[in-house]
Amino acid sequence: MKSYIIRKYQSSDYSLWNEFVANAKNATFLFHRDFMEYHSDRFEDFSLLVFDEKMQLNAILPANISNNVVYSHQGLTYGSLVLHKKAKLHEAIGMTSFLLKFLESNNIPSLFLKQIPFIYTSFPSEEMEYVSFLLQPKLVKRDSLSVLNMETDHFISKDRIQAINRGVKNGLVFKEETSFDTFWNQILIPNLVQKHNTHPVHNLNEITYLKSKFPSNIRQFNVYFGDELVAGTTIFESEFVAHSQYISGNSNKNELGSLDFLHNTLINYTFKDKKYFDFGISNENQGKNINEGLLYWKESFGARTIVQNFYEIETKNYKLLENVLI
């Protein structure tokens, strides 16, 4: 097995890291250090770099550490080992073996690995799904994502068509905004507090900062009834995917058809050239329960299910990779 050198990320690696992300086969802007570090006060970074014997960077692991356990970065929606474009399965096996050995030598017993959904990768890249299987992991969570394949017919339901038509009849106006203030303060935060007693993952200052760093990737779309903001969604846009990070409407959303009008416009006009539209998850309780109403709404646009797996891997299990290649 080829040898690899593992070391922790340091601030002097900023440019090296970001250049690798820009050219990796399974990375998006979420792995850029400017995105990862907006919440550095909440997570202790433990990102790793994987070099070959010639000190060429072959892979990175965006990660943090908590209570002596390393996680695919808990501040990111997806993670896993990020690979260079030409990486092959045998290399992923070798790099993972050395990475786990490095963690064990630092007295870290477990790695929690979250996979990146295939829709976000620029090349087929499920090496880490197979490698995880070899390591006899514990499956700790499985998210179900509702994804619309934009290259196929959309089996939109009559309910959605009727709601979209209500939006048109009510004269709703669709706008892209540069500011998040009104949506956050008037719709998103009040709804999350009332319905779930929680707040957005990103506060207003954070999402505004991220927008300044990634203006073409983080976009806000609102719907107005006259001068009144009635619905909105925050989109995280990557090369192949438009993902609704936040979706929320006021109490009249069903009567006005505002959320349906909004997403119909996004799907059929704004992002019609993307490969996928990702509505995100509808599951709760580590994937063991489904919000049926929310799932129905997404699937009535034609979205269907893909899954994202979360594994707990014992670092000592690197030994299980030693005799895989025969």
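**Helix packing, strand pairing and salt bridges**

Arg160, Ala163, Ile164, Gly167 and Val168 of helix H5 touch Asp260, Phe261 and Asn264 of helix H9. By class, the residues of this contact are four nonpolar, two polar and two charged. The model is predicted. Two packed helices are described by the angle between their axes and the distance between the axes. Here the axes of H5 (residues 158-169) and H9 (residues 258-270) come within 7 Å and cross at roughly 95°. H5 is therefore roughly perpendicular to H9.

Now turn to the strands. Strand S9 (residues 138-149) runs antiparallel to strand S17 (residues 304-314), joined by nine bridges. One of the pairings sets Val147 against Arg304 in S17. S9 also pairs with strand S14 (residues 276-281), again antiparallel, over five bridges. There, Leu148 has Phe277 as its bridge partner.

Next come the charged side chains. Side chains of opposite charge can pair when their charged atoms come close. The model has twelve salt bridges. In one of them, Glu127 pairs with Lys25, with the closest N and O atoms 2.6 Å apart. Glu127 lies in helix H4 and Lys25 in the loop between H1 and H2, 102 residues apart in the chain. Both Glu127 and Lys25 are buried.

Arg42 and Glu206 form another salt bridge, at 2.7 Å from N to O. This pair also links distant parts of the chain, 164 residues apart. Arg42 counts as partly exposed because its relative accessible area is 42%. Glu206 has 12%, so it is buried.

Glu314 and Lys316 meet at 3.6 Å, N to O. Glu314 is partly exposed at 38%, and Lys316 is partly exposed at 45%. Finally, salt bridges link Glu176, Arg219, Glu237 and Lys274 in a network.

Key
Residues are numbered from 1 along each chain as its sequence is written. This is a predicted model: local features need pLDDT of at least 70, side-chain atom pairs count only at pLDDT 80 or more; totals for chains, interfaces and linings use all residues. Side-chain values use heavy atoms; hydrogens and water are left out. Axes are lines fitted to C-alpha atoms, for helices over the stretch in contact, and angles run from 0 to 180 degrees between N-to-C directions. Helices (H or I, at least four residues) and strands (E, at least two) are DSSP runs, numbered from the N terminus. Angles under 35 degrees count as roughly parallel, over 145 as roughly antiparallel, 65 to 115 as roughly perpendicular and the rest as oblique. Contact means heavy atoms within 4.5 Å. Ala, Val, Leu, Ile, Met, Phe, Trp, Tyr, Cys and Pro count as nonpolar, Asp, Glu, Lys and Arg as charged, and the others, Gly among them, as polar. Two strands pair if DSSP finds at least two bridges between them. A salt bridge is a side-chain nitrogen of Lys or Arg within 4 Å of a carboxyl oxygen of Asp or Glu. Buried means under 20% relative accessible area, exposed over 50%, partly exposed in between (1.4 Å probe, protein chains only).
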